[in-house]
Amino acid sequence: MLQYVNVNIDGATVRAPKGTSVLDAAIEYGICIPHLCHVPFLSDIGACRLCIVEHVVNGRSEVTTSCTLNVEEGMVIRANTDKIRRLRRNLAELLVAQAPNSRAIQDIALRCGVKEVRYPFRNEDCVLCGRCVRVCTEIWQARAIGFVGRGKDRHVDFPFGIRPDFCKQCGNCVQICPMTIPPCDGPMKPGEEYLCGKCESQLMIADETPGSCVWCQLGEGFGCGRYVGV
Ligand code: SF4
Ligand code: SF4
Ligand code: FES
């Protein structure tokens, strides 16, 4: 039988089954916490860190990723403090610098309040969110791709760089990747480190339509399906 606990998130009492992550509990109640590497049907690895919150214990708070933190009775979570917003904005800025042409990342960054990017653009084609690796391993049980290398050389690849026979060619790894959304046509070139806001205009439209979460503009697999506001 499911055991439920009560958690306080930004002043709201949220009731969730034990074992649920704080992020999932918040999403279920329409409290939007930005997230990129989290996918509802996959395990969480805390890669993007966008979902950070303050976990308050005995008056002291600790910043942690909400997708890897499970709910506990009486837990107090602050998801939108000035400190969290500042840290999240910086994380989103770093993601944009890493993949400036990703429409998905631009959308999330705009939502986090990023207008300009202070870091040099690197134009990488992967932000190491691990969505592809997890869908391949956990849904298809194929393990046809994985992380390879360390530090700045870390990337996703097939074993020995060759597509193995056991790859089911399902295409899910591509579909679930935030880098494969049709790229933004904004001014994302070296020397033009700012966000054009075109995506934001779409977010503004969605703002007026509660119920259509567009944190990521990535469709069902990416968003929580709800939108309440921040
Ligand atoms: S296409 Fe191959 S590598 Fe990609 S998710 Fe499917 S089985 Fe895994
Ligand atoms: S290839 Fe795409 S889905 Fe896979 S880790 Fe990189 S950004 Fe994430
Ligand atoms: S969604 Fe929690 S770290 Fe990425």
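## Terms and model

A residue is called buried when its relative accessible area is under 20%, exposed when it is over 50%, and partly exposed in between (1.4 Å probe, protein chains only). This is a predicted model, in which local features need pLDDT of at least 70 and side-chain atom pairs count only at pLDDT 80 or more, while totals for chains, interfaces and linings use all residues. Residues are numbered from 1 along each chain as its sequence is written, and side-chain values use heavy atoms, with hydrogens and water left out.

## Overall make-up

The chain has 6 helices and 7 strands; these are DSSP runs numbered from the N terminus, with helices (H or I) of at least four residues and strands (E) of at least two. Along the sequence their pattern is β-β-α-β-β-β-α-α-α-β-β-α-α. Of the 230 residues, 44% count as buried.

## The loop between H1 and E3

Histidine 35 belongs to the loop between helix H1 (22–28) and strand E3 (52–57). Histidine 35 counts as buried because its relative accessibility is 3%. A polar atom of its side chain lies 2.7 Å from the backbone oxygen of isoleucine 33.

Phenylalanine 41 lies in the loop between H1 and E3 as well. Together with Ile139 and Trp140, Phe41 makes a nonpolar surface patch of about 290 Å². Patches are made of residues with over 30% relative accessible area and no salt bridge; like charges are joined within 9 Å, and nonpolar side chains (Val, Leu, Ile, Met, Phe, Trp, Tyr) within 5 Å. A salt bridge is a side-chain nitrogen of Lys or Arg within 4 Å of a carboxyl oxygen of Asp or Glu. The accessible areas come from the Shrake-Rupley method with a 1.4 Å probe.

## Strand E4

Threonine 64 is placed in strand E4 (residues 60–65). With 16% relative accessibility, threonine 64 counts as buried. Its C-alpha atom is separated by 9.3 Å from that of glycine 46, 18 residues apart along the chain.

Arginine 85 is in helix H2 (residues 82–98). Its relative accessibility is 33%, so arginine 85 counts as partly exposed. Arg85 gathers with Lys83, Arg86 and Arg89 in a surface patch of positive charge.

Helix H3 (residues 103–111) is mostly covered, with 9 of its 9 residues buried. Among them are Arg103, Asp107 and Arg111. At the N-terminal end, serine 102 caps H3, with a side-chain oxygen 3.2 Å from the backbone nitrogen of isoleucine 105. Glycine 113 follows H3 and has a positive phi, near 90°.

Note on methods. Chains are lettered from A and ligands numbered from 1 in the order in which they are written. A polar contact is a pair of N or O atoms within 3.5 Å; within protein, one must be able to donate a hydrogen and the other to accept it, and residues adjacent in sequence count only if both atoms are side-chain atoms. Lys and Arg count as positive and Asp and Glu as negative; His and the chain ends are not counted. The place of a charge is taken as NZ of Lys, CZ of Arg, CG of Asp or CD of Glu.
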